Amino acid sequence: MEYSIDYSGLREPDITTNVNPVPDYITVVLPENPIKFPTYEPKDPGVYSVIIEVNDRANNSKYARRFVIYDNTSEITTSEIDRLYATSASNDSQFSWMTKFSQQVDVSWNNHFLNDVHEKGHFLAKILDYTPRLSDNISRVDYKKILEKFDDTEGVRNKTAIKNINSIVRFETRHGKNGIDIEDGDSHQFWVRAFDIMGNTRVDSIVVHFDSSELFVYEPMIDLNIKDGNYPFSSSVVISAKDQHSGIKKVSFKFIVNETEEVRSEHTFDIQTQPREYCNKLPKECYCVRMGDCFMIDMHLEINNCWMEVPIGDIKNDVYLLEVTVFNSAMLKSSIAKTIEMVKTINGVQDYFSPLNITVLKTTGTNVSIQWTQAPSCYERAGISIILYRPDNSTKVFKVHKEATTFDLTGLSATTSYWLTMTTNYGNDTYYVSSSVPTKFYFSTTEEERRKKQIEISNLLVESRLPTLVDNQ
């Protein structure tokens with residue numbers, strides 16, 4: 001059968017001026033005793049209409065119709081987008097944790113299960129009345145029609161639409177335990193089984209954890225200006241915290257100006273779990289929660305000093321607060337603040353460095369190409385300045401793009417020694433600070449190209465005039 005969008009139902013293939021559909025199977029059954037009932041196996045899944053025409057010798061006829069769904073290939077699938085999840089759980093925990101035990105657990109699987117073949121084929125839609133297919137232009141009552149009493153109104157697949165959601169006709173639910181008192185650290189599993197009209201099933205489940213307890217966090221320990229850190233200007237922080245029911249999931253830092261309470265930046269760290277075998281070796285430093293994950297009590301985290309976002313220019317002896325917020329797996333949180341005094345003494349804060357590692361790429365009698373590396377900085381570069389010092393102590397200033405790492409010095413004199421200084425400007429076009437200590441670099445140009453060629457020609461002429469020495473022995 002085919003689906004009619006106009007009438008929102010299934011019907012036998014429509015006859016048009018261009019198409020005259022041929023039934024998939026036609027056979028004649030003789031009134032033998034016993035009657036040999038035919039069998040037919042369709043090629044494709046679908047809803048099939050079976051029509052029987054009964055004739056007598058006077059060519060009177062009546063029609064009856066029955067419907068059948070044939071499908072031996074499709075299956076129920078689940079959606080990755082529309083999840084099975086506990087709607088009553090915390091959104092911040094991705095609906096995995098309940099933090100209020102007084103409320104019931106609500107589970108949703110809206111649009112999670114689907115039989116795509118049945119849905120696209122409208123296998124469960126209503127079936128439209130039969131449209132007579134033949135006419136001999138003679139007016140007859142009910143000619144070639146299927147009367148209501150002979151149409152299919154019985155069984156599962158009849159004319160009436162079958163209630164379904166995405167072609168799923170039934171759901172069964174189960175959950176892990178009955179009659180229990182929920183405690184912090186408990187886990188509860190929920191199962192849903194979906195059925196389609198063919199009796200195919202698909203099972204999916206979720207686990208919901210429970211935690212409403214307070215977590216403990218201790219005053220952090222800060223070690224400023226560590227060496228060999230992951231950032232050009234690094235410090236380290238040790239956070240000691242514990243939640244025996246769900247463990248510590250993440251830690252966030254806020255850098256706050258103490259005087260104005262302005263938040264300069266915020267950064268979040270995901271905390272990694274530890275293998276149980278490793279944790280068992282360190283019982284005083286590591287712990288495991290009931291759901292199986294293990295956590296270190298002390299969490300060593302590294303910060304970038306640039307995260308403090310101290311502005312360019314002179315500052316007072318500002319005091320910052322490092323506000324530490326610790327989250328457990330249920331996304332319950334606890335915060336504590338630590339004072340960072342004398343911020344201007346921290347590496348990277350108001351440090352303005354000149355370019356590094358200047359080298360010569362190429363030199364000629366009048367040009368020199370140099371390259372360098374940009375110095376690390378907490379601040380945006382505004383530009384680079386090169387001051388060239390000539391032998392007579394006169395100077396020439398070159399302005400270089402802030403992102404450049406090479407530059408060509410032109411208009412130089414051959415076989416002459418020069419030196420230069422390079423500084424970097426930090427800030428923007430309207431306000432900037434120059435690096436306090438310029439980088440110095442000495443170099444010399446080579447002999448002029450024309451002079452070198454003249455010498456080479458002269459040498460060749462001299463060599464051509466030398467006598468040939470012959471060994472007469």
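This note sets out several points on the backbone and the nonpolar cores of a predicted model.

1. A cis peptide bond. The bond that joins Asn-33 to Pro-34 is cis, and its omega is near 5°. Pro-34 belongs to the loop between strand 2 (9-11) and strand 3 (46-55).

2. Asn-225. This residue is not a glycine, yet its phi is positive, at about 55°. Asn-225 is part of strand 14 (residues 221-226).

3. Gln-350. Here too a residue other than glycine has a positive phi, near 55°. Gln-350 sits in the loop between strand 22 (333-340) and strand 23 (356-363). Gln-350 has a relative accessible area of 16% and is therefore buried, the limit being under 20%.

4. The largest nonpolar core. This core holds 35 residues, of which Ile-239, Val-251, Phe-253, Phe-255 and Val-326 touch the most other members. At least two core residues come from each of strand 15 (234-242), strand 16 (248-257), strand 20 (298-304) and strand 21 (320-328). The most are given by strand 16, which provides five. In soluble globular proteins, nonpolar side chains tend to be buried together.

5. Contacts of Val-251. Leaving aside residues up to four places away in sequence, Val-251 touches Ile-239, His-267, Thr-268, Phe-269, Ile-271, Met-299, Leu-301, Val-324, Thr-325 and Val-326.

Terms used: Residues numbered from 1 in each chain as written. Predicted model: local features only at pLDDT ≥ 70, side-chain atom pairs only at ≥ 80, totals over all residues. Heavy atoms only, no water. Helix = DSSP H or I, 4+ residues; strand = E, 2+ residues; numbered from the N terminus. Buried < 20%, exposed > 50% of the residue type's maximum accessible area, 1.4 Å probe, protein only. Core = buried A, V, L, I, M, F, W, Y, C linked by side-chain atoms within 4.5 Å. Contact = heavy atoms within 4.5 Å.
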